[in-house]
Amino acid sequence: MPTLNEKKALILGGSRGIGAAIVERLTAEGADTRFTYAGSAEAAAALADKTGATAIQTDSADRAAVAGTIAGQGALDILVINAGVVVMGDPLESDPDAVDRMIDINVRSPYHAAVEAARSMNDGGRIVVIGSVNGDRMPFPGGAAYALTKSAVQGMVRGLARDFGERGITVNSVQPGPVDTDMNPADGPMKDTMHSFMAIKRHARPAEIAGMVAYLVGPEAGIVTGAQHTIDGGFGA
Ligand code: NDP
């Protein structure tokens with residue numbers, strides 16, 4: 001049964017992986033859906049054709065561009081901030097510009113996007129940020145910068161939930177563990193290390209993450225806010 005009829009949704013970073021699964025799920029639930037992408041024009045066009053969602057090219061590293069895209073949509077009911085990148089490796093060797101770009105995409109843009117969307121969001125709206133279990137637990141070397149971006153999401157979610165709660169707008173994060181996407185393929189070189197930390201030793205499917213997002217943006221979750229929702233096969237347990 002569609003539960004999101006009449007709801008206007010924007011997914012930031014929806015062309016591939018978890019974001020594409022969220023686009024598929026929200027359109028299936030009846031939401032009037034649009035999504036952004038940066039580099040994957042072909043994948044974005046194919047997803048738009050398949051789902052009826054609208055694809056909009058907007059680089060999440062560019063704060064003003066993201067704000068402009070959001071302002072151009074009018075009043076949203078749902079904002080899902082999924083766009084994210086990962087820079088891992090020896091911090092002594094990492095390119096500081098790459099680290100800063102990750103912070104722009106994973107932290108600065110989500111904060112400003114959430115604030116911009118809230119300006120005109122309908123009462124009872126939903127904001128969901130895709131964080132990571134690495135915001136809670138970083139069990140191997142090389143992940144400090146990525147982990148700091150996902151821990152920052154936690155503080156943002158807690159604070160904005162209080163800022164917008166009076167209007168019934170909820171603000172939550174979803175914290176996946178390993179998910180089978182281009183970013184982290186289920187057969188990648190780190191798979192055994194990652195699975196060793198898990199109670200259920202497999203990567204999640206993007207659709208499983210989209211299911212949790214669908215709950216949080218749906219009608220049953222109106223009292224769920226300011227919280228991090230971990231879906232990680234026990235990675236952080
Ligand atoms: P992918 O690399 O498979 O896909 C990333 C998506 O984000 C693409 O649609 C990409 O669009 C978009 N994106 C990236 N950079 C930008 C940008 N600058 N502007 C606009 N869109 C952008 O990643 P996942 O699906 O795996 O990850 C999605 C989110 O989930 C991220 O926030 C990630 O940190 C988080 N996550 C992922 C985990 C995993 O194991 N996969 C685990 C925990 C969290 P395009 O290709 O068009 O640039």
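Visitor: Is the crossing of α1 and α2 left-handed or right-handed?
Guide: In this predicted model, residues are numbered from 1 along each chain as its sequence is written, and local features need pLDDT of at least 70, side-chain atom pairs pLDDT 80 or more, while totals for chains, interfaces and linings use all residues. Side-chain values use heavy atoms, leaving out hydrogens and water. A crossing is left-handed if the near helix is turned anticlockwise from the far one by less than a right angle, and right-handed if clockwise. For α1 and α2 (helices are DSSP runs, H or I, of at least four residues), the crossing is right-handed.

Visitor: Are α1 and α2 parallel or perpendicular to each other?
Guide: The axes of α1 and α2, which covers residues 41–51, lie 10 Å apart at an angle of about 15°. Angles under 35 degrees count as roughly parallel, over 145 as roughly antiparallel, 65 to 115 as roughly perpendicular and the rest as oblique. The angle between α1 and α2 therefore makes them roughly parallel.

Visitor: How many residues of the contact of α1 with α2 are charged?
Guide: Ala 20, Val 23, Glu 24 and Thr 27 of α1 meet Leu 47, Lys 50 and Thr 51 of α2, where contact means heavy atoms within 4.5 Å. The residues of this contact divide into three nonpolar and two polar, and the number that are charged is two.

Visitor: How is α1 placed against α7?
Guide: Helix α1 spans residues 17–28 and helix α7 residues 206–217, and their axes come within 8 Å while crossing at roughly 50°. That angle makes α1, relative to α7, oblique.

Visitor: How many residues of the contact of α1 with α7 are nonpolar?
Guide: From α1, the residues that meet α7 include Ile 18, Ala 21, Ile 22 and Leu 26, and among their partners in α7 are Ile 209, Ala 210, Val 213 and Val 217. Sorting the residues of the contact of α1 with α7 gives two polar, one charged and, for the nonpolar group, eleven.

Visitor: How are α4 and α5 oriented to each other?
Guide: The axes of α4 (residues 96–120) and α5 (residues 144–164) come within 10 Å and cross at roughly 10°. With such an angle, α4 and α5 are therefore roughly parallel.

Visitor: Which residue has a polar side-chain atom 2.5 Å from an oxygen atom of the ligand?
Guide: Among the 31 residues around the ligand (each with a heavy atom within 4 Å), Ser 15, Ser 40, Ser 60, Tyr 146 and Thr 181 come nearest. Ile 18 places a backbone N or O atom 2.9 Å from a ligand oxygen atom, and for a polar side-chain atom of Tyr 146 the distance to a ligand oxygen atom is 2.7 Å. The residue with a polar side-chain atom at 2.5 Å from a ligand oxygen atom is Ser 40.

Terms used:
Axes are lines fitted to C-alpha atoms, for helices over the stretch in contact, and angles run from 0 to 180 degrees between N-to-C directions. Helices (H or I, at least four residues) and strands (E, at least two) are DSSP runs, numbered from the N terminus. Ala, Val, Leu, Ile, Met, Phe, Trp, Tyr, Cys and Pro count as nonpolar, Asp, Glu, Lys and Arg as charged, and the others, Gly among them, as polar. A polar contact is a pair of N or O atoms within 3.5 Å; within protein, one must be able to donate a hydrogen and the other to accept it, and residues adjacent in sequence count only if both atoms are side-chain atoms.
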